[in-house]
Amino acid sequence: MNSTSATSIVQLLKENPQNAKLVLLGGIIIFVVVTFFQSINKSRKVKPAIGITEPTAKLNKNRKFGHWIPDYEFQTPIPPAFENWSIKETRPIPYRAFKHKYAINMGIRNMEWDSWFELDNEWEKFHIHKLERVEERGTELYQTLPPARDAVYELLDEMWQYLPNRYPTLFKQKEYGLDNLVTGEVHVFKEGFRTEKQEDPALTAAKMIQDDFAIMMENEEGVYHLKAGAILLAGFWRLKDKLNMPLSMIHTSGDVPKYNEKLKSGMEKFFIRQPCDKPVVRNNYFIQTDDHLPWSTSIGSESEEGIGWYTAEPATHAEQLYFRSERQSLRRLPKSGAIVFTVRTYFLPIAELAQEPYIPRRLLNGMSTWDTDVQEYKGWHKYKDVIVPYLEEKAREQEANGLVQEKEVYPF
Ligand code: HEM
């Protein structure tokens, strides 16, 4: 209460003592209530780190773009061991990420920390592909630009916790990094053990997982750019074409359908706001007209410019068709603030997929609802004359056997 309001209450007491008492009583009640709620709020606050006056999670909400405040309080949960996981027996998760009706949206869901990296009995096959690719094309396929160096080492530190805990029969934690118990590879990357001739940390990370990955970093305008990554098995896009690009150009340069109308704004907001404790996943799918996981040769040579579905030969038989589906994850690293984007590809022949109950009809329905721009992007005209009769026949066989009422099971 300031001196002016105190003077006016004395005045009021003299002129109208009854009203003045009421005003005074009201003031006291408001003061007590406000003080009570303030004290509750104070006791809820997280203890700030040394030298920082407020919790970093909160500070980062109002950060100056491009100036992430390291969050030393956040710890990625350590996952339990994957029960009975075996490099020979554990089968890939059968993501069947298509609905009867196709829709363009971000399609993100919360991710369970335990599932950050999904490894299975295709690990060795993926690993061999990765090593061959690096031998053949070298740094075209992986890069760590200087501003992303700390972020990639931070990613490795996170893997150092995650991988040996989740897959203890494949990785062993060492002071210097991780040992691979199956291949005998020794990955040295922890601080204090790195040498002059250290390999690119993005390559080290890529050798341990089945995924490709990209590191996205925020600039002073709040725009995210691709600053590091290892894109070894992406099938139809090249790291060297997209390195250093902002998120929007990565997508528009690839003619992603309705990117500006339906995705751009939501994605940009999502990147700025994503908190460290809220990782997400999304799935997609494509049809490929050859069986090459690392690079889809049917669209053209990886060494050439001006390639795409428009340079592909039309498919002639169902056996050459493959189902390619990605499971992507996005999480923010607490110290650097960089966002890690992982892309795990699942790849199998359409003929195998079409054996699964209800799948031929669902896939056929989904593809039949693609708009013209989605058809262009996914190369529909290069395989529709083969895939439509093939899936129709398989669907009818299943329906004749009574398989007609599928429950919605997306994304599996
Ligand atoms: C919320 C995050 C994201 C969403 C919702 C999203 C969405 C999409 C969509 C809808 C497509 C078309 C194919 C598909 O259906 O998946 C696509 C393609 C693509 N996205 Fe993303 N994306 C995200 C993050 C990223 C990030 C962080 C990168 C960084 C490398 C990236 C790189 C690409 C590339 C390279 C393509 C292929 C473009 C081409 O054909 O050249 N995306 N994305």
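Analyst: Axes are lines fitted to C-alpha atoms, for helices over the stretch in contact, and angles run from 0 to 180 degrees between N-to-C directions. The model here is predicted, and in it helix α11 (residues 359-368) and helix α13 (residues 384-400) pack with their axes 8 Å apart, at an angle of about 140 degrees.

User: Why is α11 called oblique to α13?

Analyst: Angles over 145 degrees count as roughly antiparallel, 65 to 115 as roughly perpendicular and under 35 as roughly parallel, the rest being oblique. The angle between α11 and α13 is about 140 degrees, which makes α11 oblique to α13. Their contact has 6 nonpolar, 1 polar and 3 charged residues, and among those that meet are P360 and L363 in α11, with V388 and L391 in α13.

User: What makes β8 and β9 count as paired strands?

Analyst: Two strands pair if DSSP finds at least two bridges between them. Strand β8 (residues 280-288) and strand β9 (residues 322-332) have 9 bridges in the antiparallel sense, therefore they count as paired. Within this pairing, N283 stands opposite R327 in β9.

User: How do you know that β1 and β8 pair as well?

Analyst: Strand β1 (residues 109-110) and β8 are joined over 2 bridges, in the antiparallel sense, and because at least two are required, they pair. Here N110 stands opposite V280 in β8.

User: Which residues are closest to the ligand?

Analyst: Of the 18 residues that surround the ligand, the closest are M106, A214, G254, N284 and F341. The largest share of this shell, 3 residues, comes from α9.

Definitions and conventions: Residues are numbered from 1 along each chain as its sequence is written. This is a predicted model: local features need pLDDT of at least 70, side-chain atom pairs count only at pLDDT 80 or more; totals for chains, interfaces and linings use all residues. Helices (H or I, at least four residues) and strands (E, at least two) are DSSP runs, numbered from the N terminus. Two residues are in contact if their C-beta atoms, placed from the backbone, lie within 7 Å. Ala, Val, Leu, Ile, Met, Phe, Trp, Tyr, Cys and Pro count as nonpolar, Asp, Glu, Lys and Arg as charged, and the others, Gly among them, as polar. A residue is near a molecule or strand if its C-beta atom, placed from the backbone, lies within 6 Å of it.
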